[in-house]
Each structure stands twice: as C-alpha cells, then as structure tokens.
Amino acid sequence: MKSIARIIGYILWIGSGLLMLGFWFSAMVDWLGIFGYILAIFLSPGIVIFPIVFWIVEGVFPTFYFLVWGIGIVGMIIGGLASDDR
C-alpha cells in the first residue's frame, strides 16, 4: 500500500512540476515570442515573483498556477510520508 501511495505522490509532484514548466514556457513565448523561449531556458521562474508578474501583465489572477502548485506540494507530502527512507 505504501508503494502505491509513493508512486501516486511522485506522479502528482513531478507531473505538477512539468505542468508548471509548460505554463512558464507558454507565458514567456506569449509575452516575448521566440526570444521568450530562449529566455525561459536560461531564467527560472520565481515561485512568488512569476505569479505576481503574470497577474500584472495578463490582468487575471493565476488560480490555475496556484492550484497546480498546491497539488505538487500535496504529492510531495504523500510521497515523503509513504517513503521508506527516513
């Protein structure tokens, strides 16, 4: 049972991280074009700074970003609690 919980937790954690990476790349490309793609490779999004900048530029609060972020944190907690490495 612990292995299933660990796998589910890791899938949630890694999946949300990849989804947030895609969100970062799509926002940068939308704002700056191909130059935004190049910058997105070399710059890392700040966990607090990027949502605020997104909110200012787009004019919409990034609820999806925070929802995915929360799912990643829950997945990390589940994976950590189910892990045998203590």
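User: Hi, I'm new to this structure. F23 and Y65: buried or exposed?

Analyst: F23 is buried, and Y65 is buried too. Buried is the word for a relative accessible area under 20%, exposed is for over 50%, and partly exposed covers what lies in between (1.4 Å probe, protein chains only). Before going on, note that this is a predicted model, where local features need pLDDT of at least 70, side-chain atom pairs count only at pLDDT 80 or more, and totals for chains, interfaces and linings use all residues. Residues are numbered from 1 along each chain as its sequence is written, and side-chain values use heavy atoms, with hydrogens and water left out.

User: How many aromatic pairs are there?

Analyst: The count is 15 aromatic pairs. The rule is that rings of Phe, Tyr and Trp (its six-membered ring) pair if their centres lie within 6.5 Å; planes under 30 degrees apart make a pair stacked, over 60 edge-to-face, and the rest are tilted.

User: Why does W55 count as partly exposed?

Analyst: W55 has a relative accessible area of 44%, so it falls in the partly exposed range. F61 comes out at 39%, so F61 is partly exposed as well.

User: Which residues do the ring pairs link into a cluster?

Analyst: Among them are W31, F64, F66 and W69, along with W55 and F61.

User: What makes a nonpolar core, and which residues are in the largest one?

Analyst: A nonpolar core is a set of buried Ala, Val, Leu, Ile, Met, Phe, Trp, Tyr and Cys residues joined through side-chain atoms within 4.5 Å. The largest has eleven residues: M20, F23, W24, F25, A27, M28, A40, F50, F54, Y65 and V68. At least two residues come from each of α1, α3 and α4, and α1 gives the largest share, six residues.

User: How do you describe the way α1 and α3 pack?

Analyst: Two packed helices are described by the angle between their axes and the distance between the axes. For α1 and helix α3 (residues 49-58), the angle is about 40 degrees and the axes are 12 Å apart. Axes are lines fitted to C-alpha atoms, for helices over the stretch in contact, and angles run from 0 to 180 degrees between N-to-C directions.

User: What is the handedness of the crossing where α1 passes α3?

Analyst: That crossing is left-handed. Left-handed means the near helix is turned anticlockwise from the far one by less than a right angle, and right-handed means clockwise.

User: Which residues meet between α1 and α3?

Analyst: F23, W24, A27, D30 and W31 in α1 meet F50, V53, F54, V57 and E58 in α3. By class that contact has eight nonpolar, no polar and two charged residues. Nonpolar here covers Ala, Val, Leu, Ile, Met, Phe, Trp, Tyr, Cys and Pro, charged covers Asp, Glu, Lys and Arg, and the others, Gly among them, are polar.

User: Which residues is A27 in contact with, beyond its neighbours within four places in sequence?

Analyst: F50 and F54. Contact means heavy atoms within 4.5 Å.

User: How do you know whether S83 is buried or exposed?

Analyst: S83 is at 9% relative accessibility, so S83 is buried. S83 lies in the segment after α4 and, neighbours within four places aside, is in contact with R6 and Y10.

User: What makes T63 exposed?

Analyst: T63, found in helix α4, has a relative accessible area of 53%, so T63 passes the exposed cut-off.

Conventions
Helix = DSSP H or I, 4+ residues; strand = E, 2+ residues; numbered from the N terminus.
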